[in-house]
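Here are my notes on this one, as numbered points. Have the model open while you read.

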Amino acid sequence: MNNYSPDYYDQDTTAGRGMFAIDAIAEERAAFIRKTYMHLTGAIFVFMGLEFIIFSSPTLLRGVLSLFTASPWIILIAFLGASWLASSLASSAKSLGTQYLGLGLYTLAEAIIFVPILFLASQMSNPTVIPIAAVITLCIFGGLTAYVLVTGADFSFLGGGLTIALLAAIGIAIGAAIFGISLGLWFAAAMVVLMSGFILYETSNVLHQYSTDQYVSASLALFASVATLFWYVLRIVMMFASED
């Protein structure tokens, strides 16, 4: 689900002619970081609100679930297309409104794609499955984020390796779906590690690769990694809960 790839702009051509956050004065850098994480928080709350609306309406819930049951491949292709469009819009230097449109579109796509796994989790006998997965995700994200922001470390060198690993994981997932192979605990754990790497990479990019006026684009990149991390943490928690 994490296919967001930000477009980096030269310092002289970014919207508003902003400079990279790492080169900005302390006040501007702090304001950029604050705006980025406020927008990330906002996207998470919008995601939660959309899930509440879907699950509060039996008709809407059945409709979304039937889409996946009828043709999961079409839904996956549609989601990837929406994600690509959203990332293109959010990384646009032309209009802040266009960037917001991209963030909103991606949040909506994530809300829809999460419905089946959240529905399965909600049907389990243990009602704490989703909250536990959310807390674990928050702890992982918070710890990695704090490390990068406090140290200012540059993890941009991870980009190539993470991309290759992600493409390999997508290939494995598609192959498993075609041949009916179940990807178990170890694959989910490997994806948690991979998404942790993406969080280090994207958080580093917040400082080193985004200009101070690209906070919407930066928040989308972080949201994509956090959402995918939550997906696989939830899968792991569900596996352990089902064994109890």
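1. The lining of the second largest pocket draws at least two residues from each of helix 1, helix 4, helix 5 and helix 8. Helices here are DSSP runs of H or I, at least four residues long, numbered from the N terminus. A pocket is an open set of points on a 1 Å grid over the protein atoms alone, where a 1.4 Å probe fits and protein lies on both sides within 12 Å along at least five of seven lines; lining residues have an atom within 4 Å of a point.

2. Before going on, the ground rules: this is a predicted model, with local features needing pLDDT of at least 70, side-chain atom pairs counted only at pLDDT 80 or more, and totals for chains, interfaces and linings using all residues. Residues are numbered from 1 along each chain as its sequence is written, and side-chain values use heavy atoms, with hydrogens and water left out.

3. Back to that pocket: 16 residues line it, and I44, M48, A134, V226 and F230 are the ones nearest its centre. By class the lining has 14 nonpolar, one polar and one charged residues (Ala, Val, Leu, Ile, Met, Phe, Trp, Tyr, Cys and Pro count as nonpolar, Asp, Glu, Lys and Arg as charged, the others, Gly among them, as polar).

4. Helix 1 has 31 residues and spans 45 Å from first C-alpha to last, close to the expected 45 Å (1.5 Å times one less than the number of residues). Its buried residues include F32, Y37, H39, F47 and E51, where buried means under 20% relative accessible area with a 1.4 Å probe, protein chains only.

5. Helix 5 has 23 residues and reaches 33 Å, close to the 33 Å expected. Among its buried residues are V129, A133, T137, F141 and L144. G152 follows helix 5, with a positive phi near 70°.

6. What about the largest nonpolar core? The core has 65 residues, with F32, F114 and L234 making the most contacts inside it; such a core is a set of buried Ala, Val, Leu, Ile, Met, Phe, Trp, Tyr and Cys residues joined through side-chain atoms within 4.5 Å. Helix 8 gives the largest share, 20 residues. Beyond four places in sequence, F32 touches residues including A21, V206, Y210 and Y215 (contact: heavy atoms within 4.5 Å).

7. L162 sits in helix 6 and counts as buried because its relative accessibility is 9%. Leaving aside neighbours within four places in sequence, L162 contacts L194, G197, F198 and Y201. L162 and Y201 are 39 residues apart in sequence, with 8.7 Å between their C-alphas.

Methods
Buried means under 20% relative accessible area, exposed over 50%, partly exposed in between (1.4 Å probe, protein chains only).
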